[in-house]
Amino acid sequence: MSISENILKIKSKLPESVALVAVSKTKPISDLLEAYNVGQRIFGENKIQEMVSKYNEMPKDIAWHMIGHIQRNKVKYMAPFVNLIHGVDSLRLLTEINKQALKNNRIIDCLLQVKIATEENKFGLLENEVLNFIASEEIKKFKNIKIVGLMGMATFTDNQEQLQKEFEMLKCVFDNLTHRKSFNFNLKTLSMGMSDDYPIAIKNGSTMIRVGSLIFGKRTLA
Ligand SMILES: *Cc1c(COP(=O)(O)O)cnc(C)c1O
(Lines give C-alpha, C1' and ligand atoms only; values in the text may rest on other atoms or scores of the structure.)
Protein backbone atom coordinates (compact mmCIF):
# COMPACT_ATOMS: atom_id res chain seq x y z
CA MET A 1 0.00 0.00 0.00
CA SER A 2 1.15 3.52 -0.78
CA ILE A 3 1.32 6.42 1.65
CA SER A 4 -1.77 8.02 0.15
CA GLU A 5 -3.73 4.77 0.37
CA ASN A 6 -2.64 4.30 3.98
CA ILE A 7 -3.84 7.79 4.93
CA LEU A 8 -7.17 7.42 3.19
CA LYS A 9 -7.74 4.04 4.80
CA ILE A 10 -7.03 5.28 8.32
CA LYS A 11 -9.12 8.42 7.80
CA SER A 12 -12.09 6.49 6.43
CA LYS A 13 -12.47 4.72 9.78
CA LEU A 14 -11.68 7.66 12.03
CA PRO A 15 -14.51 9.27 14.04
CA GLU A 16 -14.93 12.95 13.13
CA SER A 17 -13.91 13.95 16.63
CA VAL A 18 -10.44 12.46 16.24
CA ALA A 19 -7.62 14.34 14.51
CA LEU A 20 -4.85 12.48 12.68
CA VAL A 21 -1.26 13.64 13.17
CA ALA A 22 0.92 12.12 10.44
CA VAL A 23 4.22 11.40 12.18
CA SER A 24 6.81 12.02 9.48
CA LYS A 25 10.04 11.95 11.51
CA THR A 26 13.04 10.61 9.53
CA LYS A 27 10.97 10.54 6.31
CA PRO A 28 11.89 12.52 3.16
CA ILE A 29 9.93 15.51 1.83
CA SER A 30 8.62 13.42 -1.08
CA ASP A 31 6.79 11.19 1.42
CA LEU A 32 5.30 14.19 3.21
CA LEU A 33 4.14 15.65 -0.10
CA GLU A 34 2.36 12.43 -0.98
CA ALA A 35 0.44 12.68 2.30
CA TYR A 36 -0.18 16.39 1.74
CA ASN A 37 -1.58 15.71 -1.72
CA VAL A 38 -4.37 13.55 -0.30
CA GLY A 39 -5.32 16.30 2.12
CA GLN A 40 -3.16 15.62 5.18
CA ARG A 41 -2.46 18.93 6.92
CA ILE A 42 -1.15 17.95 10.37
CA PHE A 43 2.39 16.62 10.57
CA GLY A 44 4.28 15.54 13.68
CA GLU A 45 8.05 15.62 14.12
CA ASN A 46 10.22 14.81 17.12
CA LYS A 47 13.35 16.83 16.34
CA ILE A 48 13.17 20.60 16.14
CA GLN A 49 15.82 21.09 13.46
CA GLU A 50 14.26 18.48 11.21
CA MET A 51 10.84 20.10 11.65
CA VAL A 52 12.23 23.55 10.81
CA SER A 53 13.86 22.36 7.60
CA LYS A 54 10.66 20.53 6.54
CA TYR A 55 8.61 23.61 7.41
CA ASN A 56 10.82 25.62 5.07
CA GLU A 57 10.35 23.19 2.19
CA MET A 58 6.67 22.27 2.54
CA PRO A 59 3.51 24.28 1.67
CA LYS A 60 2.59 26.85 4.32
CA ASP A 61 -0.92 25.66 5.22
CA ILE A 62 0.41 22.81 7.37
CA ALA A 63 -0.02 22.56 11.14
CA TRP A 64 3.34 21.41 12.55
CA HIS A 65 3.21 19.47 15.82
CA MET A 66 6.28 18.89 17.98
CA ILE A 67 5.77 15.46 19.55
CA GLY A 68 9.26 14.71 20.84
CA HIS A 69 11.19 15.50 23.96
CA ILE A 70 12.33 19.12 23.73
CA GLN A 71 15.63 20.78 24.39
CA ARG A 72 14.95 24.22 25.79
CA ASN A 73 17.71 25.95 23.82
CA LYS A 74 16.01 24.94 20.55
CA VAL A 75 12.50 26.23 21.28
CA LYS A 76 13.36 29.51 19.59
CA TYR A 77 13.72 27.84 16.19
CA MET A 78 10.16 26.51 16.12
CA ALA A 79 8.44 29.34 18.02
CA PRO A 80 7.59 31.33 14.85
CA PHE A 81 5.40 28.59 13.37
CA VAL A 82 4.79 25.54 15.61
CA ASN A 83 1.06 24.82 15.93
CA LEU A 84 1.04 22.48 18.94
CA ILE A 85 3.71 21.24 21.35
CA HIS A 86 2.75 17.81 22.74
CA GLY A 87 5.51 17.06 25.22
CA VAL A 88 5.51 19.76 27.89
CA ASP A 89 6.61 18.27 31.19
CA SER A 90 8.31 21.03 33.17
CA LEU A 91 7.85 24.63 34.24
CA ARG A 92 11.32 25.46 32.96
CA LEU A 93 10.33 24.32 29.48
CA LEU A 94 7.02 26.16 29.64
CA THR A 95 8.85 29.32 30.75
CA GLU A 96 11.04 29.15 27.64
CA ILE A 97 8.10 28.45 25.32
CA ASN A 98 6.25 31.44 26.81
CA LYS A 99 9.31 33.65 26.34
CA GLN A 100 9.85 32.66 22.71
CA ALA A 101 6.12 32.90 21.93
CA LEU A 102 6.13 36.45 23.31
CA LYS A 103 9.10 37.36 21.09
CA ASN A 104 7.10 36.17 18.10
CA ASN A 105 3.93 37.88 19.29
CA ARG A 106 2.13 34.53 19.40
CA ILE A 107 0.21 32.35 21.80
CA ILE A 108 1.49 28.77 21.48
CA ASP A 109 -0.80 25.85 22.28
CA CYS A 110 0.73 23.12 24.45
CA LEU A 111 -0.19 19.71 25.81
CA LEU A 112 1.11 18.44 29.14
CA GLN A 113 2.73 15.05 28.81
CA VAL A 114 1.50 12.57 31.40
CA LYS A 115 3.43 9.45 32.21
CA ILE A 116 1.14 6.44 31.78
CA ALA A 117 3.65 3.79 30.68
CA THR A 118 5.46 1.50 33.07
CA GLU A 119 8.76 1.92 31.22
CA GLU A 120 11.35 4.06 32.95
CA ASN A 121 12.44 5.80 29.78
CA LYS A 122 9.10 7.43 28.98
CA PHE A 123 8.85 11.09 29.90
CA GLY A 124 5.97 12.87 31.53
CA LEU A 125 4.35 14.11 34.70
CA LEU A 126 2.63 11.93 37.25
CA GLU A 127 -0.98 12.77 38.04
CA ASN A 128 -0.21 14.64 41.26
CA GLU A 129 2.54 16.54 39.44
CA VAL A 130 0.01 17.63 36.81
CA LEU A 131 -2.21 18.95 39.60
CA ASN A 132 0.66 20.83 41.27
CA PHE A 133 1.75 22.12 37.90
CA ILE A 134 -1.54 23.72 36.96
CA ALA A 135 -2.09 25.07 40.47
CA SER A 136 1.31 26.77 40.56
CA GLU A 137 1.69 30.54 40.80
CA GLU A 138 4.18 30.59 37.92
CA ILE A 139 1.75 29.23 35.40
CA LYS A 140 -0.64 32.12 35.96
CA LYS A 141 1.98 34.53 34.66
CA PHE A 142 2.30 32.88 31.27
CA LYS A 143 0.38 35.05 28.81
CA ASN A 144 1.79 33.54 25.62
CA ILE A 145 1.05 29.87 26.07
CA LYS A 146 -2.22 28.00 26.33
CA ILE A 147 -2.50 24.52 27.76
CA VAL A 148 -5.14 22.88 25.59
CA GLY A 149 -4.82 19.24 26.56
CA LEU A 150 -2.88 16.21 27.67
CA MET A 151 -0.65 13.75 25.84
CA GLY A 152 0.49 10.28 26.78
CA MET A 153 2.41 7.33 25.40
CA ALA A 154 1.41 3.84 26.44
CA THR A 155 3.83 1.05 27.25
CA PHE A 156 5.31 -0.75 24.23
CA THR A 157 3.38 -3.99 24.65
CA ASP A 158 0.87 -6.32 22.97
CA ASN A 159 -1.01 -6.70 26.24
CA GLN A 160 -4.38 -5.17 25.35
CA GLU A 161 -5.54 -5.05 28.95
CA GLN A 162 -2.53 -3.06 29.99
CA LEU A 163 -2.96 -0.62 27.10
CA GLN A 164 -6.63 -0.27 27.98
CA LYS A 165 -5.73 0.48 31.61
CA GLU A 166 -3.13 3.09 30.69
CA PHE A 167 -5.40 4.95 28.27
CA GLU A 168 -8.28 4.80 30.78
CA MET A 169 -6.04 6.34 33.39
CA LEU A 170 -5.09 9.24 31.13
CA LYS A 171 -8.72 9.82 30.15
CA CYS A 172 -9.59 9.92 33.83
CA VAL A 173 -6.94 12.56 34.56
CA PHE A 174 -8.23 14.50 31.56
CA ASP A 175 -11.88 14.34 32.66
CA ASN A 176 -10.97 15.45 36.17
CA LEU A 177 -9.43 18.62 34.77
CA THR A 178 -11.84 19.68 32.02
CA HIS A 179 -13.92 21.81 34.39
CA ARG A 180 -10.87 23.92 35.27
CA LYS A 181 -10.58 26.87 32.97
CA SER A 182 -8.53 30.04 32.89
CA PHE A 183 -7.16 32.38 30.22
CA ASN A 184 -4.27 30.00 29.54
CA PHE A 185 -5.76 26.67 30.53
CA ASN A 186 -8.67 24.93 28.82
CA LEU A 187 -8.40 21.23 28.11
CA LYS A 188 -9.93 20.06 24.84
CA THR A 189 -7.35 17.77 23.26
CA LEU A 190 -6.43 14.29 24.43
CA SER A 191 -3.45 13.11 22.37
CA MET A 192 -3.08 9.37 22.72
CA GLY A 193 -2.68 6.45 20.36
CA MET A 194 -0.01 5.44 17.82
CA SER A 195 0.16 2.97 14.91
CA ASP A 196 -0.17 -0.14 17.06
CA ASP A 197 -2.58 1.02 19.72
CA TYR A 198 -4.73 3.84 18.34
CA PRO A 199 -8.00 1.84 18.09
CA ILE A 200 -7.86 1.20 21.86
CA ALA A 201 -6.94 4.83 22.48
CA ILE A 202 -9.97 6.01 20.50
CA LYS A 203 -12.27 3.68 22.43
CA ASN A 204 -10.96 5.37 25.55
CA GLY A 205 -11.63 8.92 24.45
CA SER A 206 -8.64 10.00 22.39
CA THR A 207 -9.25 13.11 20.27
CA MET A 208 -5.87 13.06 18.51
CA ILE A 209 -3.81 10.12 17.31
CA ARG A 210 -0.15 10.25 16.26
CA VAL A 211 0.48 7.73 13.51
CA GLY A 212 3.84 7.18 11.81
CA SER A 213 4.80 3.71 10.61
CA LEU A 214 1.27 2.71 9.59
CA ILE A 215 1.31 5.62 7.11
CA PHE A 216 4.92 5.95 6.03
CA GLY A 217 6.26 2.45 6.67
CA LYS A 218 8.86 1.34 9.16
CA ARG A 219 11.60 3.75 10.20
CA THR A 220 15.20 2.70 10.12
CA LEU A 221 16.06 5.31 12.74
CA ALA A 222 14.06 5.96 15.87
C1 LIG B 1 7.33 8.18 16.71
C2 LIG B 1 6.20 8.62 17.55
C3 LIG B 1 4.87 8.30 17.21
C4 LIG B 1 4.49 7.45 16.02
O5 LIG B 1 4.86 6.12 16.20
P6 LIG B 1 4.36 4.94 15.24
O7 LIG B 1 4.41 3.73 16.09
O8 LIG B 1 5.31 4.90 14.09
O9 LIG B 1 2.98 5.29 14.81
C10 LIG B 1 3.86 8.80 18.02
N11 LIG B 1 4.13 9.56 19.11
C12 LIG B 1 5.39 9.88 19.47
C13 LIG B 1 5.60 10.72 20.67
C14 LIG B 1 6.46 9.42 18.70
O15 LIG B 1 7.71 9.74 19.08
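1. Basis. The model is predicted, with local features needing pLDDT of at least 70 and side-chain atom pairs counting only at pLDDT 80 or more, while totals for chains, interfaces and linings use all residues. Residues are numbered from 1 along each chain as its sequence is written, and side-chain values use heavy atoms, with hydrogens and water left out.

2. Polar contacts (pairs of N or O atoms within 3.5 Å). A nitrogen atom of the ligand lies 2.9 Å from a polar side-chain atom of Arg 210. A polar backbone atom of Ser 213 is 2.8 Å from a ligand oxygen atom. For the side chain of Arg 219, an N or O atom is 2.8 Å from an oxygen atom of the ligand.

3. Cover. On its own the ligand has 390 Å² of accessible area, and the protein covers 91% of this (Shrake-Rupley method, 1.4 Å probe).

4. A pocket is an open set of points on a 1 Å grid over the protein atoms alone, where a 1.4 Å probe fits, with protein on both sides within 12 Å along at least five of seven lines; lining residues have an atom within 4 Å of a point. Of the 31 lining residues, the closest to the centre of the largest pocket are Lys 25, Lys 122, Met 153, Met 194 and Arg 219.

Technical notes:
Polar contact = N/O pair within 3.5 Å; in protein donor to acceptor, adjacent residues only side chain to side chain.
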